[in-house]
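Here is a short report on one protein model. Look at the picture, then read on.

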Amino acid sequence: MTSRDLAHYETRNAICEYGRSLLEDDLTTGTGGNLSARLDDDLVAISPSGVPYDDVTPADVPVVKTDGTVVEGEVEPSTELPMHLAVYESRPDVGGVVHTHSPYATTFASLGEPIPASHYLISFTGTEVPVAEYRTHATAELGEAAVESLGEEFNATLLRNHGVLTADESLSDAYTVALMVEYCARIHHQAKAIGDPEILPDDEIDRLSDKLDAYGQ
Ligand SMILES: [Zn+2]
């Protein structure tokens, strides 16, 4: 095995492992949600379509070119491939993308309400989690809406009436952001249920984001 083959194997294996984590961490149910990781400038590994997470093997995980052509893998790529590719194209800083239907965050997606900074951990995503316009799932238009909402400054967006998309330097980082989004959504929901949560100012969140970046180095 060449070092390139080994790197590809490890990334495809990570897609399998984080897929199982999606279920364990209650970020999705059944075969819902999908994840991907950039392999190099023009190749992306993405979870396969319709295979239960417990059954996915590294050989199943499709490797696709940034134009969508499948170059490796036994199974068709996730139907949300166009959305993942749109994010990689618009954000060269992104190395991993996670899409979930996690229940608390998706509640806000259905309301069309951003998740504000009622908890400091929102700093993993930006000053809030914004909401992308509603577009039909598995279309290029959904990818365009997600990219527009993410802009340059957010690591996560809600997809209106659908779910969550997170994007960060690596698959592992994007996965952590997906956990943080769901946690912040849950706390915000609970806080609103019994009172009027205090929202942290943008400059404090910016300061915390800088701190996080410093930890990452
Ligand atoms: Zn979805």
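## The sheet

Two strands pair if DSSP finds at least two bridges between them. Strands (E, at least two residues) and helices (H or I, at least four) are DSSP runs, numbered from the N terminus. This is a predicted model: local features need pLDDT of at least 70, side-chain atom pairs count only at pLDDT 80 or more, and totals for chains, interfaces and linings use all residues. Residues are numbered from 1 along each chain as its sequence is written, and side-chain values use heavy atoms, with hydrogens and water left out.

Eight strands make an open sheet with mixed pairing. Their order is β4-β3-β2-β1-β5-β8-β7-β6. β4 (70-72) and β6 (131-132) are the edge strands, since each pairs on one side only. Strands β2 (residues 43-46) and β3 (residues 63-65) are antiparallel, with three bridges. Here Leu43 stands opposite Lys65 in β3.

## The zinc site

Which atoms coordinate the zinc ion? They are NE2 of His99, His101 and His162, at 2.1 Å. Donors are N, O and S atoms within 2.8 Å of the metal (3.2 Å for Na, K and Ca); water is not among the atoms, so sites may look incomplete. Along the chain, the donors follow the spacing H-x1-H-x60-H. His99 lies in strand β5 (residues 96-100), and His162 in the loop between β7 (156-159) and β8 (163-168), so the pair ties together parts 63 residues apart in sequence.

Buried means under 20% relative accessible area, exposed over 50%, partly exposed in between (1.4 Å probe, protein chains only). His99 is buried, at 1%. His162 is buried too, at 14%.

## Helix α1

Tyr9 sits in helix α1 (residues 3-24). Tyr9 is partly exposed, with a relative accessible area of 39%.
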